[in-house]
Amino acid sequence: MPTRLRAAALASASALLLTGAAGVAAAHGSAIDPPTRNYGCWERWGDDFQNPAMATEDPMCWQAWQANTNAMWNWNGLYREGVKGNHQGAIPDGQLCSGGRAEGGRYNAMDAVGNWKAADKPNNFKVDVYDQALHGGDYYKVYLTKQGFNPLTQPLGWGNLELVKEVGKTAPASHTLIDVNAGSRTGRHIVYTIWQASHSDQSYYFCSDVNFTG
Ligand SMILES: [Cu+2]
């Protein structure tokens, strides 16, 4: 486990102790592989987030850090509550990566269109959802962009996505690994993962940029 991840896990463990009988922990979770936009920015730059080199080396992260550092520190908090399964109704086109401007707009910069760093993946790959809070899952839905969609120039809408994997009730575990087959897709794509947590009506929305290698 990387140092920062361990620190975050320890911090949430103490938060759990502090909240005690109230029973409401601040811990949540995220897809960490392929990394979400904000998790990736935190992983790459969390210990060096004021380095101006980021502006040229990783410009989408730079704009995100400039917009709201809390989106990266709270990489596990991109969720909405009370959506009642109507994800498409709750989240307008162009706002999918911020969960429909969730959490007061903390994650709005995730919707920015451009050349986000993308993880190279074979066409059979796994999504690793790090369920830090051990919520478990009522279900997971994994969508991939259609071949021909260009994430570097087009805002992401529901019509750009194909549902490629659904997973049902999942017991709490730190890491839930979801097998995904990207078919004949090539090149740059977005993996859009919805995690419906089990402890309450809490829905997580993850944009992960990938480059399919075949
Ligand atoms: Cu949570």
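**Sheet and core of a predicted model**

Colleague: Over how many bridges do strand 4 and strand 7 pair?

Modeller: This is a predicted model, and in it strand 4 covers residues 124-131. Its pairing with strand 7 runs in the antiparallel sense, and the number of bridges over which the two strands pair is 7.

Colleague: Which residue in strand 7 does F125 stand opposite?

Modeller: Strand 4 spans residues 124-131, while strand 7 spans 175-181. Across this antiparallel pair, the residue that F125 stands opposite is V180.

Colleague: Which are the edge strands of the open sheet of 3 strands?

Modeller: The strands of this open sheet follow the order 1-4-7, and their pairing is antiparallel. Two of them pair on one side only, and these edge strands are strand 1 (29-33) and strand 7 (175-181). Neighbouring strands of the sheet are turned against each other by an average of 30 degrees, with direction ignored, but the names asked for are strand 1 and strand 7.

Colleague: Which residues touch the most other members of the largest nonpolar core?

Modeller: Across the protein, which has 214 residues, 40% count as buried. The largest nonpolar core holds 51 residues, and those touching the most other members are C61, A64, W65 and Y204.

Colleague: Which residues does Y204 touch, not counting residues up to four places away in sequence?

Modeller: Y204 is one of the residues that touch the most other members of the largest nonpolar core. With residues up to four places away in sequence left out, Y204 touches G29, L78, Y79, I194, W195 and A197.

Conventions: Residues numbered from 1 in each chain as written. Predicted model: local features only at pLDDT ≥ 70, side-chain atom pairs only at ≥ 80, totals over all residues. Core = buried A, V, L, I, M, F, W, Y, C linked by C-beta atoms within 7 Å. Buried ≥ 20, exposed ≤ 12 C-beta atoms within 10 Å, placed from the backbone. Contact = placed C-beta atoms within 7 Å. Pairing = 2+ DSSP bridges. Helix = DSSP H or I, 4+ residues; strand = E, 2+ residues; numbered from the N terminus. Axes fitted to C-alpha atoms, helices over the stretch in contact; angles between N-to-C directions.
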